[in-house]
Amino acid sequence: QMAAGAEKFIEGGRYPLQARCVQLARMGCVVFHYDMVGNADSKAIAHRAGFTDAEAELRLQSFMGLQTWNSIRSLDFLTALPDVDASRVAVTGASGGGTQTFILCAIDSRPALAIPAVMVSTAMQGGCTCENCSLLRVETGNVEFAALFAPKPQGLTAANDWTKEMETKGFPQLQQHYKMLGAEKDVLLKAAVHFGHNYNYVSRSAMYGWVNKYFKLGLEEPVVEEDYQRLTKEEMTVWDDQHPRPKGGPDFERKLLRAWTDDAEKQLAALTPKDEKSLHQFREVVGGAVDAMIGRGLPATTEVEYDQTEKTDRGDYLLMAGLLRNKTHGEELPIAFLYPKQWDGQAVIWLHEEGKAGLFDKDGQPTAEVQKLLANGATVVGVDLLYQGEFLADGKPLEKTRRVENTREFAGYTFGFNHPVFAQRVHDILTVVTFVRNHELTPKTVELVALDATGPLATAARAQTRDAVDRAVINTGGFRFGKLTEIHDVNFLPGGAKYGDLPGMLALSAPSGLWLAGEGNDVSPLVKAAYAAAGGEKNLQTYTGKPDEQAAAAVSWLLTRTQN
């Protein structure tokens with residue numbers, strides 16, 4: 001490295017972390033350097049079981065979450081020191097430390113200067129479990145995270161790694177963003193692509209200059225790094241005979257995660273709606289969480305179009321079929337409409353685990369329940385959600401979701417970048433709701449029915465549709481996200497168990513009409529409380545009758561027009 005010009009001194013080349021700390025201290029800065037999770041003195045928690053299983057993911061517990069919390073608490077400590085100017089705090093790190101730099105600076109308002117090295121790019125976004133977590137980068141990435149720090153000054157470095165194209169892909173957009181905010185000169189890129197992945201002497205020198213300039217240290221430029229004598233491992237460790245290293249391991253991790261779960265549940269219990277004000281807060285917190293987990297609300301009318309491919313007169317009703325498209329996201333849904341010739345304005349979206357085929361019996365005729373709706377003037381809509389009906393080449397239902405080809409099994413590598421199947425199916429339902437609600441004939445009411453395994457999907461969709469669905473018929477089947485044990489379960493949803501699980505989503509339906517089955521005689525107190533706080537107790541109808549009679553009972557409820 002010294003021969004190539006990457007380093008100037010032996011110690012700096014072998015111990016670049018200490019090198020930058022020493023030089024910044026020589027420049028007059030207080031420097032706080034802490035160990036990331038699983039490294040050096042911070043090995044009570046390793047990158048292993050506990051944090052990476054379904055139980056943790058369903059509660060959004062992750063290495064990256066812990067690592068980011070450590071960053072925030074480190075900042076708390078540093079800014080509380082009497083000799084620290086809290087208005088002049090810089091954050092810097094390379095590689096995984098670069099990820100922590102731009103994440104901390106994106107979510108905490110206190111840093112004044114950010115220098116994420118060799119990490120911000122449009123290519124690889126971070127390979128460690130401490131740099132990834134579910135939901136983080138769906139339809140976004142590190143360049144946009146870095147942009148969240150604007151217009152505060154930010155310096156970046158690039159090398160012969162995944163950041164090598166940053167000069168032409170990513171940085172020009174950051175410059176444009178800073179220019180829009182009147183701070184074009186406050187974003188900098190030191191591109192040294194003749195070096196490999198690094199935070200070497202050349203990059204560190206650029207960082208020293210940025211700190212000197214923006215914190216007005218008054219040092220002569222260029223700031224030249226000098227040699228130093230490194231501290232030994234024994235001198236740097238925080239553990240000794242008086243302060244022994246704490247025990248770690250899988251049992252410790254599970255106890256920690258359990259403590260986090262208990263703490264979160266205690267906070268969420270305090271949000272149980274009691275009146276209009278607390279109901280608003282519940283919707284803001286839990287509804288906002290569902291928004292983030294599902295990742296999409298109702299599409300705009302202009303985003304959706306319908307291409308009809310079939311129209312058949314079947315006596316008392318018309319059968320119309322075609323493709324429903326969400327143009328924004330490039331999605332197509334096979335859909336069918338059973339339209340009575342004496343339509344009274346009621347539209348029922350009937351979800352089924354077999355897709356639109358579930359509207360018909362084995363002879364190709366509408367099921368008894370669908371026939372009753374048609375006879376009473378209701379339009380019935382069926383749809384093939386993702387991996388249903390026409391999506392299945394072999395006709396076999398999806399049993400496991402796909403996984404990223406990585407030797408390390410970790411949900412964040414898949415669901416940090418992609419919506420889970422559960423969310424994608426909810427997106428499909430939302431597309432159907434938008435089209436039906438805004439159809440040119442304008443229905444008087446739109447209702448959602450799910451009496452089989454689609455019940456949880458309907459629950460999540462109903463939470464997202466707000467007033468676009470007037471009433472819902474849902475059989476939950478007693479489903480709870482918290483009972484899932486596999487991250488590739490088709491109903492896996494990161495965070496699904498955290499915010500009251502399925503009852504938390506059901507509570508977001510209040511005060512709209514809800515016919516609820518599958519919960520037995522003990523409907524969640526949270527659901528009851530939400531309906532009471534919204535003044536909609538009469539709109540919550542629970543069914544505890546025989547399973548083979550539930551569909552008929554649900555249709556009878558739908559045809560009772562006195563329901564609000």
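Which residue is the bridge partner of A321 in strand 7? That partner is A336.

## Ground rules

This is a predicted model, where local features need pLDDT of at least 70, side-chain atom pairs count only at pLDDT 80 or more, and totals for chains, interfaces and linings use all residues. Residue numbers run from 1 along each chain as its sequence is written, and side-chain values use heavy atoms, with hydrogens and water left out.

## The sheet

Strand 6 (residues 317–326) and strand 7 (residues 331–340) pair in the antiparallel sense over 10 bridges. Pairing takes at least two bridges found by DSSP; strands (E, at least two residues) and helices (H or I, at least four) are DSSP runs, numbered from the N terminus.

Zooming out, 9 strands make an open sheet with mixed pairing, in the order 5-6-7-9-8-10-11-12-13. Strand 5 (304–313) and strand 13 (540–543) stand at the edges with a single partner strand each, so one side of each has no neighbour in the sheet.

## Inside the fold

What about the largest nonpolar core? A nonpolar core here is a set of buried Ala, Val, Leu, Ile, Met, Phe, Trp, Tyr and Cys residues joined through side-chain atoms within 4.5 Å, with buried meaning under 20% relative accessible area (1.4 Å probe, protein chains only). The largest one has 68 residues, of which I349, V432 and F481 touch the most other members. Helix 14 (residues 421–437) gives the most to this core, with 9 residues.

Another core, of 29 residues, lies apart from that one, and I72, F102, V120 and A150 are among its members.

Technical notes: Buried means under 20% relative accessible area, exposed over 50%, partly exposed in between (1.4 Å probe, protein chains only).
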